[in-house]
Amino acid sequence: MTEAPAQDRGARSRDAILDSAGALMSRYGYAATSISMISAECGLPASSLYWHFGSKDGIYVAVLERARTALLAALPPAEVSGADVAQRLDAFLAEVEDAFQRHPHGLKLLLGLGMVQQDASAAAVAEVHHYRDALVAWARDALSAVFGLSDRPEVADELARFTLRLTSGTAVARWFDTSAVLDTRALHVALLALAAHHDVLVD
């Protein structure tokens, strides 16, 4: 009778730790976020954090896993509707902007924390790479549909990585300016220009 409530309390404590750690790490970065900061933020003793996750790095990996799962689950299918390239590109960028707005912490953690990899374990770095590879694959498939690049995967891959670099830069900019927004209009123009550079028909 007492096992289920204890499990519920444990799950709530785990979620509270991850909520607090995710917010702090996205705001200050992995290296600057301490166990004592997470403990104070979530209202649980440090011993509880160690019991659930073993170490600060264990918390970091769990935060990354949860952010990756939530963000990838929120992304729509890679099929993009629209009568022409411009309409399909607008639809794709609207999806990117929506994910950016709804998952600001996850984007900062998963796109912007590559700069602190020297401070994290191999498991944390692998989780970042796992997420990045999955997101690149989604963007590549979507942009292939936008521009009709099924026979030119290398161009779709370049467009996808360009899009994610700009998104990553905006996510990192939010550490310094919380009002920073993803400029999808400029990204629209840039993607059309990059596609045209590769002799892709964009009209």
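At 37% relative accessibility, Ala70 counts as partly exposed (buried means under 20% relative accessible area, exposed over 50% and partly exposed in between, with a 1.4 Å probe and protein chains only). Before going on, please note that this is a predicted model, in which local features need pLDDT of at least 70 and side-chain atom pairs count only at pLDDT 80 or more, while totals for chains, interfaces and linings use all residues. Residues are numbered from 1 along each chain as its sequence is written, and side-chain values use heavy atoms, with hydrogens and water left out.

**The overall picture**

The protein chain has 9 helices and 0 strands (DSSP runs numbered from the N terminus, where helices are H or I with at least four residues and strands are E with at least two). Its pattern along the sequence reads α-α-α-α-α-α-α-α-α. Of its 203 residues, 46% count as buried. Among contacts in the protein chain with a separation of 6 or more, 71% come from residues 24 or more positions apart (a contact means heavy atoms within 4.5 Å).

Ala70 sits in helix α4, and Asp84 belongs to the loop between α4 and α5 (85–102). Asp84 is partly exposed, with a relative accessible area of 32%.

| Pair | Apart in sequence | C-alpha to C-alpha |
|---|---|---|
| Ala70 and His103 | 33 residues | 8.3 Å |
| Asp84 and Val146 | 62 residues | 8.2 Å |

**A tyrosine pair**

The structure holds 2 aromatic pairs (rings of Phe, Tyr and Trp, the last by its six-membered ring, pair if their centres lie within 6.5 Å; planes under 30 degrees apart count as stacked, over 60 as edge-to-face and the rest as tilted). One of them joins Tyr30 and Tyr60 in a tilted arrangement, with 4.3 Å from centre to centre and 40 degrees between the planes. This pair links distant parts of the chain: Tyr30 is in the loop between α1 (3–28) and α2 (35–42), while Tyr60 is in helix α4 (residues 56–74), 30 residues apart. Both Tyr30 and Tyr60 are buried.

Lys56 lies over its face, 4.4 Å from the ring centre (a charge sits over a ring if NZ of Lys or CZ of Arg is within 6 Å of the ring centre and within 35 degrees of the ring normal).

**Where α7 meets α8**

Helix α7 (residues 122–147) and helix α8 (residues 153–173) have axes that come within 8 Å and cross at roughly 120 degrees (axes are lines fitted to C-alpha atoms, for helices over the stretch in contact, and angles run from 0 to 180 degrees between N-to-C directions). The two helices, α7 and α8, are therefore oblique to each other (under 35 degrees counts as roughly parallel, over 145 as roughly antiparallel, 65 to 115 as roughly perpendicular and the rest as oblique). On the α7 side, the residues in contact include Leu135, Val136, Ala139 and Phe147. On the α8 side, Pro153, Ala156, Leu159 and Leu164 are among them.

His198 lies in the segment after α9 and, at 18% relative accessibility, counts as buried. Leaving aside residues up to four places away in sequence, His198 touches Arg152, Val155 and Glu158. Asp199 is also placed in the segment after α9 (184–197), but counts as exposed at 69% relative accessibility. The phi angle of Asp199 is near 65 degrees, a positive value in a residue other than glycine.
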